[in-house]
Amino acid sequence: MGKKILVTGGTGYIGSHTVVELQQAGYEVLIIDDLSNSNIEVLDGIENITGIRPDFVQLDLNDKEGLYKVLTENRNIQGIIHFAASKAVGESVQKPLQYYRNNILTLLNLLDMMPEFGIRCFVFSSSCTVYGQPDILPVTENAPIKPAMSPYGNTKQINEEIIHDAIHANLPFKSIILRYFNPIGAHPSAEIGELPNGVPQNLVPFITQTAMGIRKELSVFGDDYNTPDGTCIRDFINVVDLAKAHVIAIDRMLENKSDDKLEVFNLGTGTGVSVLELIHAFEQGTGVKVPYRIVERREGDIEKVWADPTYANNVLGWKAKETLKDTLVSAWNWQKKLK
Ligand code: UD1
């Protein structure tokens, strides 16, 4: 029997791409997802790529008894990659308690149970949101954590602290925290990709839906920032590149490649791209026009942030490989499949 990894939120956007990479690296995968922001048909997409249907249990991780039962029935789990979380920044401001319950209590349930089931590795899905607006760019892992701008951002910070304190207290597991910059794109097969719920909040799904004619025009939130073209700057990282880093993180812990019980890595390309540059790169890559209009700034947006990925490059031996153009074309191919 192969090594088995529990992927929470495994039918979600980054989760599903990670399941594919894990399977292709020879891991068995069990997904737990409550399907609150994903679709069961994602399993078909995964199976179409890898030829293997991952085990799946529909469960809310707040259901402690249910989780205990699943772990009892799957004694061979060696590591957990924890994606399951609510992630809409605006919604978190409206429904803070829901965000704290979904994103924090679930982490406690998982960490609580790991020792009993002998699970020794935990990968946590964090975000560059913990840096707020960094004082120095590109941002390294040592940059100070800034006060969170939303309950969503706060849950990422609190989760990181909980993991840190658990490791400090010598609980019997290791952890790798991965801070993602802006994941975009889809699997090159167009079998899986991002499935936004309702009107997309994130830039790339809004671009692809506008290019498809589903949305009339894209609103560009502000062109009066202190950046070369006045629009915000982000580090857009290909989702498959990002997924591969999770496999490396799991391998690293299972194979005891590091003595550190807790490690933190930035996952980005190292290159900042503005909102307008991204729109133009999409248009050039696909040949499809994206009607857009400059509107007011969006509250809470960071002006500019991009990663210094040197630590992940050197220590994990991981590097973002896909070009921005190919990544945007993959997002477009996925949108065309969805229509
Ligand atoms: C946001 C969160 C981040 C979170 C991520 C999850 C903040 C500060 N950051 O990232 O913590 O992990 O969502 O989904 O809230 N834009 C437009 N028009 C649009 C949509 C976006 O101009 O219709 C602009 C935004 O103003 C921003 C950039 O595109 O400058 C990227 O926006 P988005 O894709 O929402 O990601 P973040 O805000 O960077």
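## Arg-293 and its salt bridge

In this predicted model, Arg-293 counts as partly exposed, at 46% relative accessibility. Arg-293 forms a salt bridge with Glu-217, and their closest N and O atoms are 2.5 Å apart. Arg-293 sits in strand 13 (residues 292–295) while Glu-217 sits in the loop between helix 7 and strand 8, so this pair ties together parts that are 76 residues apart in sequence. Glu-217 is also partly exposed, at 24% relative accessibility.

## Other salt bridges

The count of salt bridges comes to 18. One of them joins the side chains of Glu-283 and Lys-289, at 3.6 Å from N to O.

Another salt bridge links the side chains of Glu-73 and Lys-69, at 3.4 Å from N to O. These two residues are four apart in helix 3 (residues 64–73), so about one helical turn separates them. Both Glu-73 and Lys-69 are exposed.

## Lys-174, a buried charge

What does a buried lysine do without a salt bridge? Lys-174, found in strand 6 (residues 174–180), is such a case: the nearest side chain of opposite charge, Asp-259, is 6.5 Å away. Instead, the Lys-174 side chain makes a polar contact of 2.9 Å with the side chain of Asn-256. The side chain of Lys-174 also reaches the backbone oxygen of Ser-258, at 3.4 Å. Beyond its neighbours up to four places away in sequence, Lys-174 touches residues including Arg-120, Phe-122, Ile-167 and Met-253.

## Helix 7

Eight of the ten residues of helix 7 (residues 203–212) are buried, so the helix is largely enclosed by the rest of the structure. Among the buried ones are Val-204, Phe-206, Ile-207 and Gln-209. Their cover includes strand 7 (182–184), strand 8 (218–221), helix 9 (275–286) and helix 11 (324–338). Just after helix 7, Gly-213 takes a positive phi of about 90 degrees.

## Around the ligand

Which of the 21 residues around the ligand come nearest? They are Leu-203, Ser-219, Arg-234, Arg-298 and Asp-301. A polar side-chain atom of Arg-234 is 2.5 Å from an oxygen atom of the ligand, and a backbone N or O atom of Ser-219 is 2.7 Å from a ligand nitrogen atom. Ser-127 takes part as well, with a polar side-chain atom 3.4 Å from an oxygen atom of the ligand.

## Nonpolar cores

The largest nonpolar core holds 46 residues, of which Ile-5, Leu-22, Phe-181, Ile-250 and Leu-267 touch the most other members. Helix 8 (residues 239–254) gives the most to this core, with nine residues. Apart from this core lies another, of 26 residues, among them Leu-6, Val-70, Phe-124 and Ile-163.

## Glu-116

Glu-116 lies in the loop between helix 5 (96–113) and strand 5 (121–127). With a relative accessible area of 47%, Glu-116 is partly exposed. Leaving out residues up to four places away in sequence, Glu-116 touches Tyr-68 and Arg-75. A polar contact of 2.4 Å joins its side chain to that of Tyr-68. The C-alpha atoms of Glu-116 and Ile-294 are separated by 54 Å, and these residues are 178 apart along the chain.

Notes
Residues are numbered from 1 along each chain as its sequence is written. This is a predicted model: local features need pLDDT of at least 70, side-chain atom pairs count only at pLDDT 80 or more; totals for chains, interfaces and linings use all residues. Side-chain values use heavy atoms; hydrogens and water are left out. Buried means under 20% relative accessible area, exposed over 50%, partly exposed in between (1.4 Å probe, protein chains only). Contact means heavy atoms within 4.5 Å. Lys and Arg count as positive and Asp and Glu as negative; His and the chain ends are not counted. A salt bridge is a side-chain nitrogen of Lys or Arg within 4 Å of a carboxyl oxygen of Asp or Glu. A polar contact is a pair of N or O atoms within 3.5 Å; within protein, one must be able to donate a hydrogen and the other to accept it, and residues adjacent in sequence count only if both atoms are side-chain atoms. A nonpolar core is a set of buried Ala, Val, Leu, Ile, Met, Phe, Trp, Tyr and Cys residues joined through side-chain atoms within 4.5 Å. A residue is near a molecule or strand if one of its heavy atoms lies within 4 Å of it.
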